[in-house]
Amino acid sequence: MESSKSGEPQNLPMFTKKSSITNTAMTKKGVYVAISYMACAVLLVIFNKAALSSYKFPCANVITLFQMLSSSLILYALRRWRIISFTVQDSHPVVTRTTDLVPLKAILRCTPVALSYLLYMLVSMESIRGISVPMYTTLRRTTVFFTMVAEYFLAGKKYSSYVVTCVGIIILGAFLAGARDLSYDFYSYTIVFISNITTALYLACISRIGESSGLNSFGLMWCNGIICTPILLIWTAYRGDLEATRNFPYLYTHGFQAVIFLSCALAFLLNYSVFLNTTINSALTQTVCGNLKDLFTVGFGWLVFRGLPFDLLNIVGQCLSFLGSCLYAYCKLKGI
């Protein structure tokens with residue numbers, strides 16, 4: 001996060017409900033944030049896929065728990081050392097109790113954001129297990145449609161006909177790319193589409209509730225952690241995932257530990273960049289950035305994990321969807 005001349009973190013822009021068409025041009029800072037998000041997202045998918053598929057780790061929820069715990073610990077340490085703040089008006093006072101970090105009223109207000117985040121994390125982690133990385137990224141592109149619908153109903157946002165056309169091209173490309181593969185695994189594909197819906201809901205909640213809470217990106221991440229971590233800990237213990245993790249044969253191998261460590265670090269950076277990208281740009285921009293980074297994810301995933309033959313229709317669909325993402329980025333940069 002950029003700092004002002006006084007050394008304090010720059011306040012995040014406040015969201016106000018809009019009924020007019022959104023056509024604000026992307027700023028230079030917004031471009032940097034979007035690129036940072038895409039880099040983190042590509043690497044996180046690769047490391048999560050490595051843990052779940054290459055090492056065959058059976059407990060996706062435990063990885064999510066590790067990510068939440070590490071994120072909360074990092075935030076707590078940075079706040080106690082007065083390196084970051086959690087609220088927009090915070091002047092970095094010294095805190096001695098965890099309850100003093102964020103006002104209780106703000107925590108309660110952010111509960112819908114936190115719960116939608118938990119649902120989004122759990123479903124997203126499960127969705128990548130039974131499907132190849134190229135097809136995962138292809139089907140995830142349909143998130144743009146769900147995001148537009150969620151933003152319209154929850155935040156009152158509308159987009160120009162140019163943006164709607166770009167989104168239509170993205171979705172058409174996604175369906176073409178997956179047309180020959182749709183009969184392979186009904187369960188996995190269903191989970192991916194559910195993941196798309198939960199992603200859209202989460203991003204819309206950030207736009208609608210997050211910024212009006214008086215918290216900055218770090219504060220929102222902290223609320224997500226302290227609300228969701230106890231819930232997920234109880235859930236994983238009840239399901240027996242913690243016991244299964246303790247008995248996992250590769251738990252103490254350096255390779256698996258490195259994968260989990262990098263996954264947790266990237267999850268923290270990714271979550272922060274999601275908040276920044278959604279607040280500085282928009283929820284739809286965040287979603288389309290996810291489509292832009294898919295080109296690199298597909299390439300890395302195919303080289304590392306294989307699993308999907310690229311026929312002509314798949315290549316055409318991938319290129320068409322990527323073209324739609326590029327056109328959307330152009331519209332945002334030009335303010336169309």
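Author: Start with the record. UniProt, in an unreviewed entry, places the feature "transmembrane region" at residues 30-47, 59-78, 161-179, 186-209, 215-238 and 250-270. Those positions follow the numbering used here, feature names are shortened, and annotations may be inferred rather than shown by experiment. The model is predicted, so local features need pLDDT of at least 70 and side-chain atom pairs count only at pLDDT 80 or more, while totals for chains, interfaces and linings use all residues. Residues are numbered from 1 along each chain as its sequence is written, and side-chain values use heavy atoms, with hydrogens and water left out.

Take two of the annotated segments. Residues 186-209 are 100% helix and 0% strand, and their end C-alpha atoms lie 34 Å apart. Over residues 59-78 the figures are 95% helix and 0% strand, with 29 Å between the end C-alpha atoms. The protein chain as a whole has 14 helices and 2 strands. Both are DSSP runs numbered from the N terminus: helices are H or I with at least four residues, strands are E with at least two.

Next, the overall packing. Of the 336 residues in the protein chain, 54% are buried. Buried means under 20% relative accessible area, exposed means over 50%, and partly exposed lies in between (1.4 Å probe, protein chains only). The accessible surface of the chain comes to about 15400 Å², and 69% of this belongs to carbon and sulfur atoms. Such areas come from the Shrake-Rupley method with a 1.4 Å probe; for residues, only the protein chains shown count as cover. Among contacts with a separation of 6 or more, 85% join residues 24 or more positions apart. A contact is a pair of heavy atoms within 4.5 Å.

Side chains of opposite charge can pair when their charged atoms come close. A salt bridge needs a side-chain nitrogen of Lys or Arg within 4 Å of a carboxyl oxygen of Asp or Glu. The count is 2. One joins glutamate 243 and arginine 246, at 2.7 Å from N to O. Both residues sit in helix α10 (residues 241-246), 3 residues apart, about one turn of the helix. Glutamate 243 is partly exposed at 40%, whereas arginine 246 is exposed at 52%. The other joins arginine 239 and aspartate 241, with 3.3 Å between the closest N and O atoms. Arginine 239 is partly exposed at 47%; aspartate 241 is buried at 8%.

Then the rings. The whole structure holds 14 aromatic pairs. Rings of Phe, Tyr and Trp (its six-membered ring) pair if their centres lie within 6.5 Å; planes under 30 degrees apart are stacked, over 60 edge-to-face, the rest tilted. Tyrosine 55 and tyrosine 250 pair edge-to-face, 5.8 Å centre to centre, with 70° between the planes. This pair links distant parts of the chain, 195 residues apart: tyrosine 55 is in the loop between α1 (28-54) and α2 (60-80), tyrosine 250 in the loop between α10 and α11 (254-280). Tyrosine 55 is partly exposed at 23%, and so is tyrosine 250 at 40%.

Phenylalanine 218 and tyrosine 272 are stacked, because their ring centres lie 4.5 Å apart and their planes meet at 10°. Here too distant parts are linked: phenylalanine 218 is in helix α9 (residues 217-239) and tyrosine 272 in helix α11, 54 residues apart. Both residues are buried.

Tyr55 and Tyr250 belong to one aromatic cluster with Phe57, Phe248 and Phe256.
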